[in-house]
Amino acid sequence: MKMIWNKLTSLLSRTALVSGAWLATAAHAVNDLPGGPAVRQLNLHPPVTKIAEEQQWLHWFMLILCTVIFIAVFAVMFYSIWKHRKSVGHKAANFHESVVVEVIWTIVPFVIVILMALPATKVVVALKDTSNADLTIKATGMQWKWGYDYIKGEGEGISFVSTLDSSHRAMSNAGGPPKGQAVDDYLLKVDNALVVPVNKKVRIITTANDVIHAFMVPAFGIKQDAIPGFVRDTWFRAEKTGDFYGQCAELCGKEHAYMPIHVKVVTAEQYAVWVDGERKKAAAKLDDPTKVWTLEDIVKRGERVYAANCAACHQANGKGAGPIKPLDGSAIVLDTDHAKQLTILLNGAGNGAMPSWKQLSDTDLAAVASYTKNNWSNKTGQIVQPSEVVALRAK
């Protein structure tokens, strides 16, 4: 009796644990995200491009065809087994071969394969035809963010980095969204979305700075590896405006889950306004590298640069995490030889564990270095000027 009671209490404890875990998951319930994942989604994303529509048609065509073949083959097999079983008096036939049967089971599968290959080949060929694009954008995968460079078409010359929104990273570090709060775009929100015009052919050129990444937006029906030292491309033409989401689809390291893709499709008029605004921002960032900054001003700027690019790994408190080295109290950060820290910022370190930040401006690099030298317990009073970064780049 005691053994039965112990087993019963153990079962109840396990049930309570499972129920608690389920309730904890339910506390983070979300709604469908337009352009992104849906709750209990079983099918492919609703398509917004012709390629995605063709892929969805192919998916159902192949599934139905394979299901019909499966049912037909097994129906004949099970009927034969049941109808000609030994228990009702049937005896096994003794024959060597049947040319007719062999011809049939060769021709029929061949025809089926052709029926499947023709529409699939048409879609694959169309998917790889990146010619005559209205807009060409280079997407560069980095641990763990995307860099976008508009290299042809309206907006040519625009360049920026897209990173997971810092508030979502903070939520993740805290164990997820606050209890009872639905965050539909959890871990999909970025600071800078990729903006493209509707009904325009957009060519995406993919590459990477460090390891293999993959650029994937399910609603567009595109997925293309981004490989260091190689260039790949794909394309899409969105037929609807709105926000569409994807993620890096190649396991690229410990921050793989924090590398979302947000594509904002807008009207031609809205796109022209956005391009104008981005060019004005770029012009404003073209600071004079010979300008001498005050400590207060450059630290304020460095705080923004740090929050957008560094806090994801080194944390807002500068303590780092796991293999990520802390900046608070770091000997390199505290060193009066500014070249030591700036060299790491420019070239990276640890075989890519610390990425290169050459894409940032001279002023931004000087600002973030100054910020780390004068924040937390690092009250050095040291100022890193943009001219120091310029001199290091020239070496």
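Phe220 touches Val48, Thr49, Ile51, Ala52, Phe236, Ala238, Phe244, Val263 and Val265, leaving out residues up to four places away in sequence. Touching here means a contact, with heavy atoms within 4.5 Å.

This is a predicted model: local features need pLDDT of at least 70, side-chain atom pairs count only at pLDDT 80 or more, and totals for chains, interfaces and linings use all residues. Residues are numbered from 1 along each chain as its sequence is written, and side-chain values use heavy atoms, without hydrogens and water.

**Cores**

A nonpolar core is a set of buried Ala, Val, Leu, Ile, Met, Phe, Trp, Tyr and Cys residues joined through side-chain atoms within 4.5 Å. Buried means under 20% relative accessible area (1.4 Å probe, protein chains only). The largest such core has 36 residues; Tyr150, Phe215 and Phe220 touch the most other members. Its largest share, four residues, comes from strand β10 (residues 260–266). Strands are DSSP runs of E, at least two residues, and helices are runs of H or I, at least four, numbered from the N terminus. Another core lies apart, with 25 residues, including Val305 and Tyr371.

**Cysteines**

The whole structure has zero disulfides. A disulfide needs two cysteine sulfur atoms within 2.5 Å. The sulfur of Cys252 is 3.9 Å from the closest cysteine sulfur, in Cys248, so the two are too far for a bond.

| Residue | Relative accessible area |
|---|---|
| Cys248 | 5%, buried |
| Cys252 | 4%, buried |

**Confidence**

pLDDT is the predictor's confidence in each residue, from 0 to 100. The protein averages 88, and 93% of the residues score at least 70. Helix α1 (residues 2–26) has the lowest mean pLDDT among the elements, 41. Strand β4 (residues 194–197) has the highest, 98.

Terms used
Buried < 20%, exposed > 50% of the residue type's maximum accessible area, 1.4 Å probe, protein only.
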